[in-house]
Amino acid sequence: MTTVHEPTTPTMAGELSVWPASTTEPVRGDLAVGGVALAEIAERFGTPVYVLDESEVRNRCRTYRDAFPDAEVLYAAKAFLCRAMVHWTAEEDLGLDVCSAGELELAVTSGFPPDRIVLHGNAKSPHDLDTALRLGVGRIVIDSPSEIARLAAAVGPDGRQKVMVRVVPGISAGGHKNIRTGTDDQKFGLSIADGYAQHAIARILDQPRLELTGLHCHLGSQITSVKPYLAAVRRVVGLMTRLHEQHGLVLPELDLGGGHGIAYRPGEQALDVMALARKVRTELADACATAGLPVPRLIIEPGRAIVGPAGIALYRVLAAKHTGDHVFVAVDGGMSDNPRPALYGAGYAPRLIGRRSTADRARVTVVGRHCEAGDVLATDAELPADVRPGDLLAVPVAGAYHLSMASGYNLVGRPPVAAVRDGFARLLVRRESLTDIRNRDVGL
């Protein structure tokens, strides 16, 4: 599947600022990504369908490697994971962070080295921990005091497991209250302010089967300013200073998590990764120099910022109707394949593709097919006023937290994932069928 493209005009470049860099308009009214027309993908794989630009994913991995040459960059698998993504991550020399035995098993059975994987989770099950130990995961992030003795017992008398401790610095950052994890009023981590983090670290040091390699801190998601990360560095280094004074402890690693914000619509702000790297390095070096501590190796965990802008969701319009002053455009997907608008009020900028329209643009609400009033994919979306059933809509920045959070609501089946690169498209994840759904239902 190969297409020859005309150069993208400056106007188009502005409109496509949140699309993959490979996006072009080969024919007026249509778009191609990775050298493949999106309308062709919709025809070949059906809709809804997720499209992932492999080159965009790889380029974003390289951007992080270039920005943080001396740090360990871990791809946050919760954003999107499949076997191809595991291979791309390995080939681009990134590690992985996972949150469950399922993510861990998929990565290791796809050939990813387990010693380059970090396991997270505020409530790890015995199965999660047993799987991590059996597969030889690199580090386990301890999130609660109850995990310490349980993990030490699971390691066994002759074993040893590297661990980190997730600490809460008391910093509010993130795009929505439900994704702010650096404050003391949420479920993750151990507070620095009330001494729980220090107490847990003292208990870990009494466990000879556990090797504490560093501290972990994750502030939240969709953070677009560098300042919260700098504040986190200062507070965590302050804790490292107290640990050195109390226990003579020098920790070799500091994990600042991820949460790097991206733009979902033209004009929105995204986190400047190069500025983040430069300022965090300076802040960490200065704080450690003041404390008289060696500078720990930095670890970061980008997920959304790598895969989010590389993805597009394609939908077919099923209905368009006027209700009072509102125009609703209903598509063949919805909250089962993108719950983010319902969960976080996330905003998207859908675009008509597959045909050229000369109609004036109108503000519409793009809704899904599910029996839920909150099944809204985009509010105040600007689309041609003549949008009609059968049209194709493309939604950019759909690579992160779409498939990974997709549900079986109304039993419609989760969409497939197609990868594009150099003029070719291939299937990565097939569509969930009614047979798949029926086969899970074993009781009468």
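So, residues 178-183: in this predicted model, pLDDT, the predictor's confidence in each residue from 0 to 100, stays under 50 over that stretch. The model still gives residues 178-183 30 contacts beyond four places in sequence, a contact being heavy atoms within 4.5 Å.

How does the chain score on average? It averages a pLDDT of 92, and 93% of the residues score at least 70. Residues 1-11 are below 50, though, with 24 contacts in the model beyond near neighbours in sequence.

Okay, the fold. We've got 13 helices and 20 strands, counted as DSSP runs from the N terminus: H or I of at least four residues for helices, E of at least two for strands. The radius of gyration, over C-alpha atoms, is 23 Å, close to the 22 Å from the globule rule for 444 residues, so the chain is as compact as a globular protein of that length. That rule is 2.2 Å times the number of residues to the power 0.38. Take contacts between residues at least 6 apart in sequence: 69% join residues at least 24 apart. And 55% of the 444 residues are buried, meaning under 20% relative accessible area with a 1.4 Å probe, protein chains only.

On charge, there are 48 positive side chains (Lys and Arg) and 51 negative (Asp and Glu), leaving out His and the chain ends. The centres of the two sets lie 1 Å apart, placing charges at NZ of Lys, CZ of Arg, CG of Asp or CD of Glu.

Housekeeping: residues are numbered from 1 along each chain as its sequence is written, and side-chain values use heavy atoms, without hydrogens or water. Local features need pLDDT of at least 70 and side-chain atom pairs 80 or more, while totals for chains, interfaces and linings use all residues.

Technical notes: Buried < 20%, exposed > 50% of the residue type's maximum accessible area, 1.4 Å probe, protein only.
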